[in-house]
Amino acid sequence: MKDYKTIPAAELRETAYQLYADGENGLMSMFANDERQLNGNYAIYCLFSVGKSMQVIKAVLKEKAKLEFPSITPKISGAAWYEREIYDMFGLKPVGHPDLRPLALHENWPQGIFPLRKDFNSKTPVPTAKKEFPMAGVEGEGVFQVPVGPIHAGIIEPGHFIFSQAGEDIIRLDAKLFFLHRGIEKAIEGAPIERAFYQVERISGICTVAHSLSYCQAIENIAGVSVPPRAQYLRALVGEMERLYNHVGDIGNLCAGMGFAVGIMAGARLKEDIMRVNEALTGHRFLRGLVVPGGARLDINDQLTAEITEMLDKLLPDFNEMIELFRENDAFLNRVETTGIVPRQAALDLGVVGVGARASGVDIDIRRDFPYGCYSALKFDVPVYTSGDVAARLWVRVDEVAQTVNLIRQILAKMPQGPLKVAIPDIKPYSSGFGWCESPQGNNIHWLMVGENNTVYRLYARAAAYPNWPALTVAAPGNIIPDFPLINKSYELSYACVDR
């Protein structure tokens, strides 16, 4: 990755549009940082994928200048959430943004308090505001609204959805998330980078390894250290185990969206088999405890290798048998085919990643496109479908299960000998850098600025769910409300990942 291209904030729109090149390149992330203590500026960072490289724009705003910048959302739709969050957390206004409703901070958060500014003390009591939160809808004769949530039937996090309907067809969906935002990025400011890791690891249970790995690789990239080869393979092993149990479980959960009990039970049983191996491997069903800054904390032996291999040998035949229940089942296919379509151009415009992108014909996978760890030494295919519907997202996961099993076998066969960890040296204060990985839901990106004495000055954690949630508002219209559980579960996005 090249150094940041630093520009005045007033030039952000023009510079970003040039780099975006009418959609030829993609916006991967956008975030802000309060750097007034360092240079008297706020900074806005935009990360773009440009061919086979990543490029970063750093737009600076003087502290005493007007705290606004030209919005890039009018031409780069994927920037919409990023800019709203920057306004919420820093008070930097994106001028020209089409929808500046609060995103992460709801109507109970008082105006004029910006929690990610350095002069905001997280221990300060914040009064409860009583504002209105306008949900977007459609008005007209015969149009009515159906609210769903924020409390749902089932043990899941809250999300509020408003469906505008005429007859049975959904015309528009508006979603309100971030009900359980925990302020993790603020909470770890000033903490030693190795201690802060344990909160980062717990951002989301189902993406434990993804967040751990992205954060650790950010530290290692900034520090300029190379993780030992054995640790790279161990990290890849738990990363693929995380992908495996998520994909198998998500396929079963998709069946719950239509009451297909056999598929639900089969998916749950197979997922349980994988998670028992997870516990044997790391001592934790969600694979916590192996990845640490500098390498790996745990190792595997011949017995664990045999246990993983045995699980894979049993898993594939049972999994394939479950999938055959779907492939020739007309009632099942009728529910998933042509349901919840996200066209390729919409996926590109929104910056959708992972399964959702690949099901819409967008051929991306950060393990292949920007290899990390040992992935450049491993062989795998990236399944891509073009119909963009629930069925396509299902078949991408099915194909990726086979690829993941193959990757785990390669990792075990190629596992090198050697040490597990290198020490993290003293890092030059206010150095910064990125770490990334491919989570089960898509690419996961962390940006870290290290402060004095190897502490966290600023962490920005962008999970794959963040750019994917807006895709639901494209997928839902034109369908009926009973199809929404299917559409939602075909993405199976983490609430906790955005509620960081």
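**Helices, strands and loops of the model**

Helix H7 (residues 229-256) consists of 28 residues and spans 41 Å from its first C-alpha to its last, close to the 40 Å expected at 1.5 Å a residue, where the expected span is 1.5 Å times one less than the number of residues. Helices (H or I, at least four residues) and strands (E, at least two) are DSSP runs, numbered from the N terminus. The model is a predicted one, in which local features need pLDDT of at least 70 and side-chain atom pairs count only at pLDDT 80 or more, whereas totals for chains, interfaces and linings use all residues. Residues are numbered from 1 along each chain as its sequence is written, and side-chain values use heavy atoms, with hydrogens and water left out.

Of the 28 residues of H7, 24 are buried, so this helix is largely enclosed by the rest of the structure; buried means under 20% relative accessible area, exposed over 50%, and partly exposed in between, with a 1.4 Å probe and protein chains only. His 247 belongs to helix H7 and is buried, with a relative accessible area of 0%. Leaving aside neighbours within four places in sequence, His 247 is in contact with Val 355, Arg 397, Glu 400, Val 401 and Pro 440, contact meaning heavy atoms within 4.5 Å. Glu 400, which is found in helix H14 (residues 390-414), counts as buried at 3% relative accessibility. Seen from Glu 400, and not counting residues up to four places away in sequence, the contacts are His 247, Val 355, Arg 358 and Pro 383.

The axes are lines fitted to C-alpha atoms, for helices over the stretch in contact, and angles run from 0 to 180 degrees between N-to-C directions. On the H8 side the contributors include Val 262, Ala 266, Leu 270 and Ile 274, and on the H9 side they include Ile 308, Met 311, Leu 315 and Phe 319. The residues of this contact divide into 15 nonpolar, two polar and four charged, with Ala, Val, Leu, Ile, Met, Phe, Trp, Tyr, Cys and Pro counted as nonpolar, Asp, Glu, Lys and Arg as charged, and the others, Gly among them, as polar.

Turning to the strands, strands of a sheet pair through backbone hydrogen bonds, either parallel or antiparallel; two strands are taken to pair if DSSP finds at least two bridges between them. Strand E4 (residues 53-62) is mostly covered, with seven of its ten residues buried. Strand E1 (residues 5-8) pairs with E4 in the parallel sense over four bridges, and Lys 5 has Ile 57 as its bridge partner in E4. Strand E3 (residues 41-50) runs antiparallel to E4 and is joined to it by ten bridges, and here Tyr 45 has Lys 58 as its bridge partner. E3 and E4 form a hairpin with two residues between them, and Gly 51 in the turn has a positive phi of about 60 degrees.

An open sheet is formed by three strands in the order E7-E8-E9, with antiparallel pairing. Its edge strands are strand E7 (143-148) and strand E9 (169-176), each of which pairs on one side only, and the twist averages 20 degrees from one strand to the next. Strand E8 (residues 160-166) is joined to E9 by seven bridges, and Gln 165 stands opposite Ile 170 in E9.

Some loop residues complete the walk. Asp 22 lies in the loop between H1 and E2, counts as exposed at 64% relative accessibility, and has a phi near 55 degrees, a positive value in a residue other than glycine. Glu 24, in the loop between helix H1 (12-20) and strand E2 (26-35), counts as exposed at 66% relative accessibility. Asn 453, which is placed in the loop between strand E13 (442-450) and strand E14 (456-462), has a positive phi of about 55 degrees although it is not a glycine, and counts as exposed at 73% relative accessibility.
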